[in-house]
Amino acid sequence: MTGPQLAALLDDRTEGGGPAYARVAAAIRLLVLDGRLPLETRLPGERELAAALGVSRTTVTTAYDELRAGGYAVSRQGSGTRTALPPSRAHGATPAGGGPLWTPWAADGSDLLDLAHAAPEAPAQVRRAYEAALDQLPRHLPGQGYHLFGLPELRAAVADRLTARGLPTLPEQVLVTSGAQHAFTLVLQLVTGPGDRVLVEQPTYPNALDAIGRHGAVPVPVPLADDGWDLDAVAAAVRQTAPRLAYLMPDFHNPTGLLASEAERRSLGAALTGGRTLTVVDESLTDLALEGTVPPPLASYLPDDLTVTVGSASKTLWGGLRIGWARAGTALIRRLAAVRASVDMGSPVVEQLAVAELLGGLDATLAPRRAELRSRRDALVAALAQRLPSWRTRVPAGGLVLWCDLGRPVSSRLVVAAERHGIRLAAGPRFGVDGAFERRLRLPFTHPPDVLAAAVDGLEQAVGSVAVDGGGAADSVDAVA
Ligand SMILES: Cc1ncc(COP(=O)(O)O)c(C=O)c1O
């Protein structure tokens, strides 16, 4: 990575109070923590970065020293300074007696409490489904084990659920993938090229933004209003930018938790159909309604040849299953499968058998899970109201996260400060195009209430330290406010 490239990523995030070296180090650390600077990225030479940032070389040297001391960079003779994450202080030991390895701590091996990801633990049914899958496995062993489109029983189970929700679907219209993100990247690979525009909600799911960028495509952000979709803005963006693709989350949108009403679905469908815009509808969170019901799938307001609905077992069941799907017209599904064959040749059979089994009894599995998530959501809302009363949040009717308004543009600084208090967060700007949402923070309520209460304790202390650091100054603009 060159000095100007890193300087562009750092943008104005090195401004604010405190010594310059500490601000440069903190800004780079944040980029590493939220994945915008991949691990093992070679950082630019000190002189080059100093010139690009307009600071002294000593500032960069000291910033790199601080990153190395904290484990966020490693220098080796001949290969320069590369990004890294600190080694584990908490992991590496299997609990005595072979107890569960799960902890609420971050999966990178640090001992930080992970509030950057929103993924709950597996319900008990997952283990039982694996056992049932192993019982069925002998039927499959005489075959090749390659199922490019997915196991017939899983394709049928996915089609049945979509049909029951109001979107008539044949098994041939389903492609099993390794998650919803995989399904989205297959669509990007199929239809987008460098410079193509992709309409996205602003804010949106960060990994979708990363995937759009990696395909050389350009996100066209359409701001969400506080209470829903700005239908005129979507229609105008479709008309004025003729996007190649749209990526939408009408069900418990990540991160806002918004649920599109039936009327909004009808209008979104009309605008996108009018523009002949291929639309990816991400339904990863659809089955996590905590109150009320979900209107019919957005795809039922769009033509089959212009819609790919992507779904996943990750949030309703367990992320470790790594099973998702794409649903579209059969011709489009065949084209997506052809793209898939150039990447991988199908998903693992045992996991597909397990998910087919789990989808059969999904409503029974989800009832206690929803009740649990409801109580976790309410515990987090109550703890925030008590400890951080100036923060504002809409209580979502489903999904896994709160989208908090911090009242000040301090999200990135809070993420850095929270690390010192044992908490890993994802900064608001991760969810927006062009650094928006510095006033916002996404907080998952996927942990048990006592863990969430401890997390809010840590957050309160971190907020205090940001204030002491002179955190009131605006260092980035929340374009959506
Ligand atoms: C909206 C949304 N889409 C996709 C994904 C990725 O899901 P999967 O694990 O199925 O790839 C997530 C996970 O956080 C998500 O929240």
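## A quick tour of the model

Helices (H or I, at least four residues) and strands (E, at least two) are DSSP runs numbered from the N terminus, and two strands count as paired if DSSP finds at least two bridges between them. Keep in mind that this is a predicted model: local features need pLDDT of at least 70, side-chain atom pairs count only at pLDDT 80 or more, and totals for chains, interfaces and linings use all residues. Residues are numbered from 1 along each chain as its sequence is written, and side-chain values use heavy atoms, with hydrogens and water left out.

**The sheet and its helices**

- Strands β7 (residues 245–248) and β8 (residues 278–282) run parallel and are joined by four bridges.
- Look for Tyr 247, whose bridge partner in β8 is Val 280.
- Contact, by the way, means heavy atoms within 4.5 Å.

**Domains**

- The chain is split into domain 1 (3–84), domain 2 (91–114 + 364–479) and domain 3 (125–360), with bounds that come from an automatic or database domain assignment.
- Between the C-alpha centres of domain 1 and domain 3 there are 37 Å.

**Nonpolar cores**

- A nonpolar core is a set of buried Ala, Val, Leu, Ile, Met, Phe, Trp, Tyr and Cys residues joined through side-chain atoms within 4.5 Å. Buried means under 20% relative accessible area, exposed over 50%, and partly exposed in between (1.4 Å probe, protein chains only).
- The largest one has 70 residues, and those with the most contacts inside it are Leu 154, Leu 384, Trp 391, Leu 414, Leu 425 and Leu 443.
- Domain 2 and domain 3 each give this core at least three residues.
- A separate second core has 30 residues, including Leu 188, Val 198, Ile 212 and Val 433.
- Leaving out residues up to four places away in sequence, Trp 391 touches a list that includes Leu 384, Cys 404, Asp 405, Leu 414 and Val 463.

**Loops worth a look**

- The bond from Gln 202 to Pro 203 is a cis peptide with omega near 10°, and Pro 203 sits in the loop between β5 and α8 (206–214).
- Another cis peptide bond runs from Asn 254 to Pro 255, with omega near 20°; Pro 255 is in the loop between β7 and α10 (262–274).
- Ala 242, in the loop between α9 and β7, has a positive phi, near 40°, without being glycine. Ala 242 counts as exposed because its relative accessible area is 55%.
- Arg 322 is in the loop between β9 (307–312) and β10, and its phi is positive too, near 55°. With 41% relative accessibility, Arg 322 is partly exposed.

**Arg 42**

- Find Arg 42 in the loop between α2 (20–33) and α3 (46–53).
- Apart from neighbours within four places in sequence, Arg 42 is in contact with Met 1, Gly 78, Ser 79, Gly 80, Thr 81 and Arg 82.
- Arg 42 and Arg 374 are 44 Å apart in space, C-alpha to C-alpha, and 332 residues apart in sequence.
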